[in-house]
Amino acid sequence: KWWHIETLWSQIMSEIRVTSVLGENGSDPVGLSTGFTVGPTSGTTATITHEGQASFTGIVTATTFVPTEGQLSHRNKVINGAMTISQRGTSFTNIGGNTEQYTLDRFKLQTNNLDQAVATVSQDSSAPDGFSKSLKIQCTTAETSVENYEHARLIYDGEAFDFTDIGFGTSSAKKVTLSFWVKSNLTGTWGLNFWRGDANRSNLRTYTINSANTWEHKVITLSADTTGGGVNADNGYGLRINWGLATGANFATSHALDTWHGFQQQYFYPYDARNTNFYSSTSNNFYLTGVQLEVGSVATPFEHRSYVEELARCHRYCYRQTNSAWAHFAIGQFASSTQVRAPYFYPKMRAAPTITFNNLYADNEMSGGGAVQSVASNKLSADGGSINWTIPSHSNGNQGRVCAIEADGSGSSYIQLTAEL
């Protein structure tokens, strides 16, 4: 009878047990003793789990892949982690003293009270396999002794909107994992500081550069922070990553690693990294690329995004427009003989931006014009707005007459809008 066959088949399925996983052509058996466990069957589904990571050399076929931790795309919370975008330029010199300067998009170098040390940051073509660019810091003036209140760091600031899914400050908070590629001639123990802006909490970690002038891949997993307040769903500080470059004794008091705690200045850098001084010699360099921060305890392969997508993400924080000679940036009209009001269009930004410019020209088209001298005022929001440009008095600058804001003939004209954290 058919129902007898169906009953027999159900009994057979209920008795199936997986005893080993075999390689190609039945070779290389991997016993369950290596960490595989098998759960009970439910209908046509059997659960096989493995402690840690399982690697397969052949083709794995499944109807669907459903991750229980993390996600299939948009895993990387770091923008420009492959260092491919550098709108402001490709070399940034003379960074020292008390300075906070953005370099490659979304990454800035901050120095505090350094009275001698100077560095140059550049976009470099040295990179590990799978990458084309890196961020390079080169010491150009040494400071062999770092005083108590001196320190320097490379910073990435993540926006709070991008970190609400981690559950910081709740019982369901998740671990996060940072991975990156690093190279330096200076071996030893280096320090990291992770800072949660809304809660003002920190976590200290270290990593080791083992071999000089060799690309090394580092993975740092942070414990879940279940206390101390969450992350506001807004455009403020979410999570800051600090790569320490040098520190004075007052910023490196001994403190347990991977322990979330209320931020205190004396615990700014890990104690074990206190003797690493990037500025000890002008021979020192530091390269970084492949920066990825993701939810979970496993570092997945780096999530490469297209150049266009990465540039669009960067535009939320910095939008730089360059034009060839005499090309128009904006068209407006005279508000007076010395004022030109022109609407300016740009991608939606994190907040109302500040504006800087170089070598712009206000042209009446019919009777010439003059170099733009300053921004008298602007009405820019995160979504757009208009700008009042100050120019020399113009004899034909009658109110309402059309005027173009354009690049002059120098070849170095730009308008830059900035809305960084």
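**Exercise 1.** Determine whether K77 is buried or exposed.

*Solution.* Recall the classes: buried means under 20% relative accessible area, exposed over 50%, and partly exposed in between (1.4 Å probe, protein chains only). K77 has a relative accessibility of 13%. K77 therefore counts as buried.

The model is predicted: local features need pLDDT of at least 70, side-chain atom pairs count only at pLDDT 80 or more, and totals for chains, interfaces and linings use all residues. Residues are numbered from 1 along each chain as its sequence is written, and side-chain values use heavy atoms, with hydrogens and water left out.

**Exercise 2.** Identify the residue that meets K77 in a salt bridge, and state which parts the pair ties together.

*Solution.* A salt bridge is a side-chain nitrogen of Lys or Arg within 4 Å of a carboxyl oxygen of Asp or Glu. The partner of K77 is D165, with 3.0 Å from N to O. D165 lies in the loop between strand 8 (151-159) and strand 9 (176-184), and K77 in the loop between strand 4 (48-50) and strand 5 (91-102), so the pair ties together parts 88 residues apart in sequence. Strands (E, at least two residues) are DSSP runs, numbered from the N terminus. D165 is partly exposed, at 34% relative accessible area.

**Exercise 3.** Describe the salt bridge between E420 and R88.

*Solution.* The closest N and O atoms of this pair are 2.9 Å apart. E420 lies in the segment after strand 25 (414-418) and R88 in the loop between strand 4 and strand 5, so parts 332 residues apart in sequence are tied together. E420 is buried at 12%, and R88 is buried at 16%.

Methods
Helix = DSSP H or I, 4+ residues; strand = E, 2+ residues; numbered from the N terminus.
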